[in-house]
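I opened the model to look up a few local features. My notes follow the order in which I checked them.

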Amino acid sequence: MSNLTRDFISEKMINVFADKQINFQNAMKLINSTDLDFLADCANQITLKYGDGKVDVETLVNAKSGRCPEDCSFCSQSTFNTTKIDKYPLLTPEMILAQAKAAKDNGANSFCIVCAYRAPPEQDFIQICNTIKLIKESLDIDVNTSLGFMTRDRAQILKRLGVKRYNHNLETAESMFDKICTTHSYEDRINTARIVKEAGLELCSGGIIGMGETIEQRVELGISLQSLNPDEVPINMLIGREGTPLFNRFSLTEEEIIRTIATFRFLMPRAILKIAGGREVHLKKNDKKVLKAGANGIISGGYLTTKGNKPVEDSRMLKEIGLKQK
Ligand code: SF4
């Protein structure tokens with residue numbers, strides 16, 4: 001293997017340790033590096049330097065499913081797509097609390113209330129606030145939310161209620177966005193991400209790979225995320241759902257996933273890099289590799305409309321590779 005490649009990757013790792021940001025051109029060289037093992041290894045060293053060596057394990061509840069008025073082409077919850085999923089209105093506070101308790105009992109350190117809205121109607125927002133209060137009074141678990149577009153007032157209310165982190169993904173590169181969604185803009189997404197940060201909430205923002213984007217566009221997404229300085233970056237791997245325009249259109253290899261995660265680690269050394277939706281399908285039992293290549297978080301116990309590994313299986317997997325849960 002070329003020493004030049006290793007020298008370049010090492011130099012960029014040293015730059016990261018010196019708090020120098022990796023730019024687009026260098027991120028392109030990293031993602032295309034010929035020595036994948038060395039790239040992954042250096043990404044892991046960055047993770048270990050800035051993290052606490054533990055894996056963030058999060059469980060989601062799909063608290064309001066389907067009938068979203070937006071036309072995101074990857075999403076099984078959009079009214080524009082004819083998918084066979086359970087559609088239901090906002091769950092009651094007691095139902096969501098029961099799921100938070102189960103997540104805590106299964107070892108999750110954070111619990112995210114996710115709802116399919118453009119933005120919640122006022123009545124639903126009040127009910128979500130009451131749910132957050134109930135969970136905070138009843139359980140010691142971090143509560144995160146993902147409720148669509150935010151206003152400043154609402155973000156501040158969530159902050160006062162003790163919400164730790166707010167999820168709002170950029171989904172893909174700006175140059176690709178109009179192929180994926182036409183009912184809102186990239187700028188709308190960035191705007192909510194900024195509002196979240198201004199309110200003092202931690203920002204969770206990531207995207208989906210495997211939607212037909214080029215490698216350049218994958219790096220472009222990484223650079224856009226880097227500019228937001230998110231606390232957490234979930235990387236989803238598309239599962240093209242039947243009834244969506246992306247059904248069976250694109251494939252994704254394990255190597256591409258590792259390259260992307262490792263490069264994103266160079267771009268965002270301090271963020272929790274979470275392998276999210278599609279993990280079980282695309283990585284099968286090889287999620288261990290990604291957790292040694294820059295990732296330090298997982299979603300456990302299933303996703304919004306797809307099943308995932310059982311928390312007990314994930315705990316076993318983490319033990320096998322000598323990693324502890326937060
Ligand atoms: S806004 Fe969210 S829930 Fe609605 S269609 Fe897009 S990704 Fe799906």
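I began with Glutamate 171, which is buried, with 21 other C-beta atoms within 10 Å. I call a residue buried if 20 or more other C-beta atoms lie within 10 Å of its own, exposed if 12 or fewer, and partly exposed in between, with C-beta atoms placed from the backbone. This is a predicted model, in which local features need pLDDT of at least 70 and side-chain atom pairs count only at pLDDT 80 or more, while totals for chains, interfaces and linings use all residues. Residues are numbered from 1 along each chain as its sequence is written.

Glutamate 171 is not a glycine, yet its phi is positive, about 75°. I found Glutamate 171 in the loop between β4 (165-167) and α7 (177-180). Helices (H or I, at least four residues) and strands (E, at least two) are DSSP runs, numbered from the N terminus.

I then noted asparagine 229, another residue other than glycine, with a positive phi near 50°. Asparagine 229 sits in the loop between α9 and β7 (232-237). Asparagine 229 is partly exposed, with 13 other C-beta atoms within 10 Å.

**Helix pairs**

How do α2 and α9 pack? I read an angle of about 125° between helix α2 (residues 24-31) and helix α9 (residues 215-228), with axes 10 Å apart. Axes are lines fitted to C-alpha atoms, for helices over the stretch in contact, and angles run from 0 to 180 degrees between N-to-C directions. α2 and α9 are therefore oblique to each other; angles under 35 degrees count as roughly parallel, over 145 as roughly antiparallel, 65 to 115 as roughly perpendicular and the rest as oblique. On the α2 side the contact (C-beta atoms, placed from the backbone, within 7 Å) is made by Phe24, Ala27, Met28 and Ile31, and on the α9 side by Ile215, Glu216, Val219, Gly222 and Ile223.

For helix α1 (residues 3-17) and helix α3 (residues 36-50), I noted axes that come within 10 Å and cross at roughly 15°. That makes α1 roughly parallel to α3. The contact includes Ile9, Met13 and Phe17 of α1 and Phe38, Leu39 and Ile46 of α3.

**Ligand shell**

Which residues surround the ligand? I listed Cys68, Glu70, Cys72, Cys75, Gln77, Ser78, Ala116 and Gly148, where near means a C-beta atom, placed from the backbone, within 6 Å.

Definitions and conventions:
Contact = placed C-beta atoms within 7 Å.
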